[in-house]
Amino acid sequence: QLSAVSKPRASVNLPQVKDRVVGPQRALIYDTTLRDGTQGEGISMSVEDKLSVFDQLVDFGFDYVEGGWPGSNPKDKAFFDRCLTMPDIHRDKLVAFGSTRRKFTKVEDDKQVEALITSGARSVCLVAKASLSQVENILGATAEEGLLMISDTVSYLVSQNVKVFVDLEHYFDGYLESPDYASSLVEACCSAGASSIVLCDTNGGTLPWDLEEMTRAAVAHPVVVENDVTVGVHCHNDIGMAVANSLAAVKGGAGLVQGCVNGVGERTGNADIVSIIGTLALKMGTALSDGVETENLTSLSRFVDEVLNRSPDQAQPYVGSAAFAHKGGLHVSAMEKDPTSYQHIDPALVGNIRRTVISELSGRMNIVQRLKEIGVDGNEEEGENKDWLNERATAILTRVKKLESIGYTFEGADASVKLMMLHATKRYCPPFRVLDYSATVFDQFIDSASRVLYKKKKSAGVGVNAASDSLDEGERATARATVKVQSLYEKEWIVDDPEHDGSVEKVERLEVADGNGPVDALALALKRALEPSYPFLSKVQLTDYKVRILDNEAATEAATRVLIEFTETETNRKWNTVSVDRNVISASLNALVDGYEYALLEHETFCMLCPADYDDSESGLGGWE
Ligand SMILES: CC(=O)SCCNC(=O)CCNC(=O)[C@H](O)C(C)(C)COP(=O)(O)OP(=O)(O)OC[C@H]1O[C@@H](n2cnc3c(N)ncnc32)[C@H](O)[C@@H]1OP(=O)(O)O
Ligand SMILES: CC(C)C(=O)C(=O)O
């Protein structure tokens, strides 16, 4: 008997993606970021935030955008009120969410239903319970009253010229519990005039193949067919299946998919509509509305994260910064030969980019790729040596592996990677060098209670520290640093200047600064010494500083890794640098130097090519490889 492994396999002959249509020809996309998305822990949006996200979603081409629940809170009500005052808003796409009438009340008297009408939205989405046990146990109603709550509310809203979607919460669990009750619900919605019924995997625990079958049954329900009602789907991600389930529903015939941008939402979130759109359009051949361009997915995803103040998920399918980042040496080498070898699509199709990550798992091709990305292709440098690029890449690779073995990690420090590579090319000359530096801590041991007294004394104006012009009044300086730098360019020698003759004059500056600690003092002194030559640095700020001890056993003898994040204040552009040393101060200084050097390099106000009279034996290239 053949084992599973050695059994001959039938050859798989899938049609080309573009020729393969799975499920209906078209699907409508319905966003609920502004409603179910805000049910995610830690997510909160102001009215302005909601309005700006609404605009982006409409521009992207969503068919429907749920704006919130006007009967829930003043902010959601204000959102709909604001929409009413905006003549240009796409009211045809705006949906207000709310519940059916409460049990044993008249729909005309129900405050929630009234809030939906006064919201002014032309479309409304009602949540209705589709599980008989929940109708009985949670609502405390009978099966009959559960059905009447829905049909009364739908027909009332339809009579008010409102288009109605019904979100059947717990539909799949309810169907398994009582298919007859689920069927009566579908009938109640459709007969009362709902345009769409949305089957919800509210607890997020359904499996795709089951969900597909149950969707297929709903789509084939005679009353759905007869009334031409669109069947939609709404999935949660409790077992990590929300996207798979949404797609399975489309395969089963659903013509509308709900989801949230970046998968935000209650508990583990909703189905990520970004992945859904990417897969429907690029893998399933499903037509989406005119105007939807998958190329805009990455910017949409980043925009929403920005508004929600969330760090983007780097591993997010399609749009994450790592979605097309290649780290393993074998992968990068193969990608060079065939770009489909480790990518399921061209990243440009979703507005993303391919990247090469540098680390100890790199091979030579990772380095060659990155050198090319930063504009070093070897053509200028090779001269006599035709293999210049490969030799340089091999030398850099050896260095990367050696440095990572002592604690560097280049993945989080792109700026340091770029500088390391440039330093390894003969044409580059750093704009400045640190000639020497010192840092001292001058503090007395004071217990925390006395420190409070000390501060009080200072604020009464007694004995303010004269050296400390960089600290807030009343604070004590605890550290002082000096830095002596040699800058190679002054403002007036900037390359754009037609008078510039390519020569270099070295300017030395020694600066001192006090800070809240030695690193703060060093950063201030270094910036002070550089700013007269490079005023652009006034716009650069340190925004994060992380220290990690690499060998816990060795305690204070251990190597220390410092990672620093810098931000350019005008553009909010960020970059990161890394350095490792036994001495935390040296590691910090090196990471600071990289950060400022990178800022200047990117700002491109000076030439990074070696000037004619620059002695490159001084450029720091020597001998590290
Ligand atoms: C599956 C989902 O995600 S649905 C959306 C859930 N989202 C939210 O709940 C966010 C917004 N919610 C809110 O602001 C509030 O919960 C409100 C304004 C809707 C209601 O607040 P309250 O009136 O204080 O009621 P509370 O939230 O404590 O209880 C919910 C009530 O709605 C009833 N209810 C629950 N589901 C439904 C439903 N589908 N249809 C009608 N009534 C319902 C419950 O039976 C309960 O009424 P009871 O106390 O008479 O039994
Ligand atoms: C109201 C519906 C759509 C819902 O949020 C759910 O069932 O999860």
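## Ground rules

What you're looking at is a predicted model, where local features need pLDDT of at least 70, side-chain atom pairs count only at pLDDT 80 or more, and totals for chains, interfaces and linings use all residues. Residues are numbered from 1 along each chain as its sequence is written, chains are lettered from A and ligands numbered from 1 in the order in which they are written, and side-chain values use heavy atoms, with hydrogens and water left out.

## Strand β3 and its cover

Let's start with strand β3, which runs over residues 94–99. Helices (H or I, at least four residues) and strands (E, at least two) are DSSP runs, numbered from the N terminus. Is β3 mostly covered or mostly open? It's mostly covered, with 6 of its 6 residues buried. Here, buried means under 20% relative accessible area, exposed means over 50%, and partly exposed is in between (1.4 Å probe, protein chains only).

The cover is on both faces of β3. Leu94, Ala96 and Gly98 are buried on one side, and Val95, Phe97 and Ser99 are buried on the other.

Which strands pair with β3? Strand β2 (residues 64–68) does, in the parallel sense over 3 bridges, and so does strand β4 (residues 123–129), again in the parallel sense but over 5 bridges. Two strands pair if DSSP finds at least two bridges between them.

## Around ligand 1

How many residues surround ligand 1? There are 18, and the closest are Gln39, Trp69, Ser72, Thr100 and Arg102. A residue is near a molecule if one of its heavy atoms lies within 4 Å of it. β3, β4 and α4 (132–139) each supply at least two residues of this shell.

For polar contacts with a ligand, look for pairs of N or O atoms within 3.5 Å. A polar side-chain atom of Ser72 lies 2.8 Å from an oxygen atom of ligand 1, and one from Arg102 lies 2.9 Å from an oxygen atom of the ligand. Val127 uses its backbone: an N or O atom there lies 3.4 Å from a nitrogen atom of ligand 1. Taken alone, ligand 1 exposes 1,000 Å², and the protein buries 55% of that. Those areas come from the Shrake-Rupley method with a 1.4 Å probe.

## Around ligand 2

Phe97 turns up again here: the residues around ligand 2 include Phe97, Val127, Asp167 and Glu169. An oxygen atom of ligand 2 is 2.8 Å from an N or O atom in the side chain of His236.

## A last stop at Asn576

Finally, find Asn576 in strand β16 (residues 573–581). Why does Asn576 count as partly exposed? Because its relative accessible area is 26%. Asn576 and Thr543 are 33 residues apart in sequence and 9.8 Å apart in space, C-alpha to C-alpha.

Note on methods
A polar contact is a pair of N or O atoms within 3.5 Å; within protein, one must be able to donate a hydrogen and the other to accept it, and residues adjacent in sequence count only if both atoms are side-chain atoms.
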